[in-house]
Amino acid sequence: MNFWDFLQKETTAFQKHVRSQFDSELDHYLEKVDGEKTLYVLVPGFLEKGNVFAHQELPRGVKVFRYNFLKDVRQSGEKLSRFISGLNMPEKIRVIGRSEGGLVARWAIQAEGADSYVKLLATIG
């Protein structure tokens, strides 16, 4: 198996995993968690931006932050922090980052001030 076949396989597996976590049965859960409206921000990993969510209809309450993986993680983290602060949500946001996306999210939260907007950061891989 060459690198690109491996990458496609991993991307497909991640896509199935994310979709299984946020299927239509969880629509109510996404809207109300702990009695408050909740928004999830997904931060995909290296090369996943175009493949995983490009042709997907995401459930209500889920946003995807797309970034240029060729840029420094700190630059992407700064943009993610601005993206999160621009959502104007009255409650804190839950961020899920995979691979490089987890690094971007961590930088945004720890160094760029997104911690005041984020209730939870979960990193995968």
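The mean pLDDT of the protein is 76. A value of 70 or more is reached by 61% of the residues. Confidence is highest in helix H4, at a mean of 96. Confidence is lowest in helix H2, residues 27–31, where the mean is 46. Across residues 22–35 the pLDDT is below 50. This stretch still has 23 contacts in the model beyond near neighbours in sequence. Where pLDDT is low, predicted coordinates should not be read in detail.

Helix H4 spans residues 73–85, and helix H5 spans residues 100–111. Two packed helices are described by the angle and the distance between their axes. The axes of H4 and H5 come within 7 Å. They cross at roughly 65°, and the crossing is right-handed. From H4, the contact involves Val 73, Arg 74, Ser 76, Gly 77, Glu 78, Leu 80 and Ser 81. From H5, it involves Glu 100, Leu 103, Val 104, Ala 105, Trp 107 and Ala 108. Seven of the contact residues are nonpolar, three are polar and three are charged.

The largest nonpolar core holds 16 residues. Val 41, Val 43, Phe 65, Leu 80, Ile 84, Ile 93 and Val 95 touch the most other members. Two or more residues come from each of strand S3 (40–43), H4, strand S5 (93–98) and H5. H5 gives the most, with four residues. Leu 80 shows how these parts meet. With residues up to four places away in sequence not counted, Leu 80 touches Val 41, Val 43 and Phe 65, as well as Val 104, Ala 105 and Ala 108.

Ser 81 sits in helix H4. Its relative accessible area is 7%, which is under 20%, so Ser 81 counts as buried. Beyond its neighbours within four places in sequence, Ser 81 is in contact with Ala 108, Glu 112, Gly 113 and Ala 114.

Ala 114 belongs to the loop between H5 and strand S6 (118–124). Ala 114 is also buried, because its relative accessibility is 0%. Leaving out residues up to four places away in sequence, Ala 114 touches Ser 81, Ile 84, Ala 108 and Ile 109. Ala 114 and Ile 93 are 21 residues apart along the chain, and their C-alpha atoms are separated by 9.7 Å.

Definitions and conventions:
Residues are numbered from 1 along each chain as its sequence is written. This is a predicted model: local features need pLDDT of at least 70, side-chain atom pairs count only at pLDDT 80 or more; totals for chains, interfaces and linings use all residues. Side-chain values use heavy atoms; hydrogens and water are left out. Axes are lines fitted to C-alpha atoms, for helices over the stretch in contact, and angles run from 0 to 180 degrees between N-to-C directions. A crossing is left-handed if the near helix is turned anticlockwise from the far one by less than a right angle, and right-handed if clockwise. Contact means heavy atoms within 4.5 Å. Ala, Val, Leu, Ile, Met, Phe, Trp, Tyr, Cys and Pro count as nonpolar, Asp, Glu, Lys and Arg as charged, and the others, Gly among them, as polar. A nonpolar core is a set of buried Ala, Val, Leu, Ile, Met, Phe, Trp, Tyr and Cys residues joined through side-chain atoms within 4.5 Å. Buried means under 20% relative accessible area, exposed over 50%, partly exposed in between (1.4 Å probe, protein chains only). pLDDT is the predictor's confidence in each residue, from 0 to 100.
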